Amino acid sequence: MIVKNHPSLSVGAQCRLLSISRSSFYYELMGETAMNLDLMVVIDKQFLETPFYGVQQMTWHLQNSGHAVNYKRIRRLMRLMRLTPIYQKPDTSRPAKGHKTYPYLLGGLRIDRPNQVWCADITYVPMPGGHAYLCAVMDWHTRRVLGWAVSNTMDTGLCLSALRQALDSTGVVPEIFNTDQGSQFTSVEWTGALLEQGIRISMDGIGRWMDNVFIERLWRSVKYEEIYLREHATLGALRTGLADWFKRYNEWRPHQALDNLTPAAFYQAALVRIAASAEEMKPAA
């Protein structure tokens with residue numbers, strides 16, 4: 001809204017009219033230092049090995065490894081990376097003020113078919129010159145990744161992109177969608193998109209880290225098998241690498257928990273069984 005070379009109003013006058021400080025107009029967001037970026041990679045790798053490490057334990061580990069860090073820095077970096085230790089505590093994933101949260105619907109629920117429950121989560125992605133965020137949507141029963149998106153910002157748009165891809169790729173909507181209580185998933189934009197499709201919303205309760213355990217395992221695999229190995233320099237290169245990896249994960253990798261089928265094959269076989277069962281139940285003409 002501010003025009004630098006306005007013929008009659010200076011930048012200062014325009015700022016006063018908009019009730020903002022002049023310094024905020026000239027402020028340019030600074031990226032993380034090279035030291036912090038290196039620390040974030042170390043933290044991310046260690047967290048995959050010991051996901052129960054909180055700020056204090058992570059700080060002690062880094063100090064014992066020769067890094068001159070304090071609690072304040074590690075707390076800020078872990079918040080930036082959206083890392084939450086998996087022990088029960090009163091502050092798991094906090095919704096933003098004013099955001100509505102929804103009850104947990106999966107307690108005691110038997111999940112035995114595809115598209116019954118979908119889940120989504122966000123993870124931090126280290127890159128040589130900065131970092132990005134990855135959001136993925138997974139079918140709970142078959143472990144198939146239905147949609148994903150990457151961005152250099154962790155906002156609701158990232159999650160909506162992954163959701164749209166999942167809906168477009170399957171042509172169906174799930175009965176229930178489960179997430180944590182992060183601000184992206186409690187936003188009006190996200191919950192409104194689900195409710196508009198008639199999807200019931202479920203959110204993890206406090207300390208219920210196990211509720212998204214399947215997608216947490218996915219993060220470990222994609223990081224060790226793609227992200228850490230390739231060190232993609234740009235978002236474009238990262239998207240290309242992830243597209244290849246998710247295709248291999250869905251279509252080439254068998255899972256013992258899925259009767260040694262791939263997620264895509266198990267998903268399709270389950271749909272065929274459901275269709276056959278529905279056909280048998282039809283009344284004879």
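Entry 1, a strand pair. I began in β5, where I201 is the bridge partner of F177. Strand β4 (residues 176–179) and strand β5 (residues 200–203) pair in the parallel sense over 4 bridges; two strands pair if DSSP finds at least two bridges between them. Strands (E, at least two residues) and helices (H or I, at least four) are DSSP runs, numbered from the N terminus.

A note on the source: this is a predicted model, in which local features need pLDDT of at least 70 and side-chain atom pairs count only at pLDDT 80 or more, while totals for chains, interfaces and linings use all residues. Residues are numbered from 1 along each chain as its sequence is written, and side-chain values use heavy atoms, with hydrogens and water left out.

Entry 2, the other neighbour of the strand. I found that β4 also runs parallel to strand β1 (residues 117–127), to which 3 bridges join it, and that V117 stands opposite I176. Which residues of β4 are buried on each side? I noted I176 and N178 on one side and F177 and T179 on the other, so that both faces are covered; buried means under 20% relative accessible area, exposed over 50%, and partly exposed in between, with a 1.4 Å probe and protein chains only. In a regular strand the side chains alternate between the two faces of the sheet.

I wrote down an open sheet of 5 strands in the order β3-β2-β1-β4-β5, with mixed pairing. Its edge strands are β3 (145–151) and β5, each pairing on one side only, and the twist averages 25° from one strand to the next. Strand β2 (residues 130–139) pairs with β1 in the antiparallel sense over 10 bridges, and there A120 stands opposite V137.

I looked up D121, which is found in strand β1, and which counts as buried because its relative accessibility is 4%. Its side chain makes a polar contact with the side chain of R82 at 3.1 Å, and another of 3.2 Å joins it to the side chain of W219. A polar contact is a pair of N or O atoms within 3.5 Å; within protein, one must be able to donate a hydrogen and the other to accept it, and residues adjacent in sequence count only if both atoms are side-chain atoms.

Axes are lines fitted to C-alpha atoms, for helices over the stretch in contact, and angles run from 0 to 180 degrees between N-to-C directions; 65 to 115 degrees counts as roughly perpendicular, under 35 as roughly parallel, over 145 as roughly antiparallel and the rest as oblique. Where they meet, α3 brings residues including M35 and F47, and α5 brings residues including R73 and L80, contact meaning heavy atoms within 4.5 Å.

Most residues other than glycine have a negative phi. Yet I found a positive phi of about 65° at N115 and of about 60° at N260.
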